[in-house]
Amino acid sequence: MKVRYSEGMEKQAKLTAIANDIIEQNICPELAESATQLVMGDGNANADIVFIGEAPGKNEDEQGLPFVGASGKFLDEMLAQAGLQRSDIYITNIVKYRPPNNRDPKPEEKQAFWPFLARQLEVIDPKVIVTLGRHSMEFFLPSAKIGQVHGHAVRKKVIVHDGSEKEWLIMPLYHPAAALYNGSMRQTLVDDFLGVKQLLAAN
Ligand code: URA
């Protein structure tokens, strides 16, 4: 499928068009049925940095916004320590509907949403992509182990939705939910997060 964007279409309008396509193409109908709404993403469509989580949880499903629950609060604290706020970044998830009872997204669900995530990234075209947890990391660094690569940025060529290639700087981090109640992982995530700011300054 080749998607062509009309000249001059603003980034936010293009992101809205992608959300409409997910609904019109009835992506993951069972998830769509059990979820309250699509949680597409939030923040600045012109951001230099995009954060990608796993899937919406209960609060996100209710509010229609990503990372508004406990992990979102932790993320906001780390952003603030790095001198960033939500309006400086764009944030989304690989899977855009809440999986029932917060179960892990299934491989076929992640696969179904990947072309739409790739289109979001193409539109925003950030300098840095931060993956939060292994579910979003695996699209960019398929054979990596998060315990080994967290906090280390790498440049990766990625095949996007129309078969073309894009090169992005990928920074894999632990998922804030995993680090929330684990003291040592929490500190690791806080430390890794400082590298995000340095990465932005250097690129
Ligand atoms: N965890 C995620 O991965 N995404 C959210 O939006 C909220 C919690």
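Arg86 and Asp76 pair up through their side chains in a salt bridge, with 2.7 Å from N to O. Arg86 sits in the loop between α4 (70-81) and β3 (90-93) while Asp76 is in helix α4, so this contact ties together parts that are ten residues apart in sequence. Keep in mind that this is a predicted model. Searching the whole structure turns up eleven salt bridges, and a few of them are laid out below.

**Helix to helix**
- Asp21 makes a salt bridge with Arg119, and their closest N and O atoms are 2.9 Å apart.
- Asp21 belongs to helix α1 (residues 11-24) and Arg119 to helix α5 (residues 107-124), so the pair links parts that are 98 residues apart in sequence.

**Helix to loop**
- Arg134 has a salt bridge to Asp104, with 3.5 Å between the closest N and O atoms.
- Arg134 is in helix α6 (residues 134-140) and Asp104 is in the loop between β3 and α5, so parts that are 30 residues apart in sequence get tied together here.

**A network**
- Lys73, Glu77 and Arg186 are joined in a network of salt bridges.

- Arg119, the partner of Asp21, counts as buried because its relative accessibility is 1%, and the cut-off for buried is under 20%.
- Asp76, the partner of Arg86, comes in at 32% relative accessibility, so it counts as partly exposed.
- Arg134 is partly exposed at 46% relative accessibility, and Asp104 is partly exposed too, with a relative accessible area of 41%.

Terms used
Residues numbered from 1 in each chain as written. Predicted model: local features only at pLDDT ≥ 70, side-chain atom pairs only at ≥ 80, totals over all residues. Heavy atoms only, no water. Salt bridge = Lys/Arg side-chain N within 4 Å of Asp/Glu carboxyl O. Helix = DSSP H or I, 4+ residues; strand = E, 2+ residues; numbered from the N terminus. Buried < 20%, exposed > 50% of the residue type's maximum accessible area, 1.4 Å probe, protein only.
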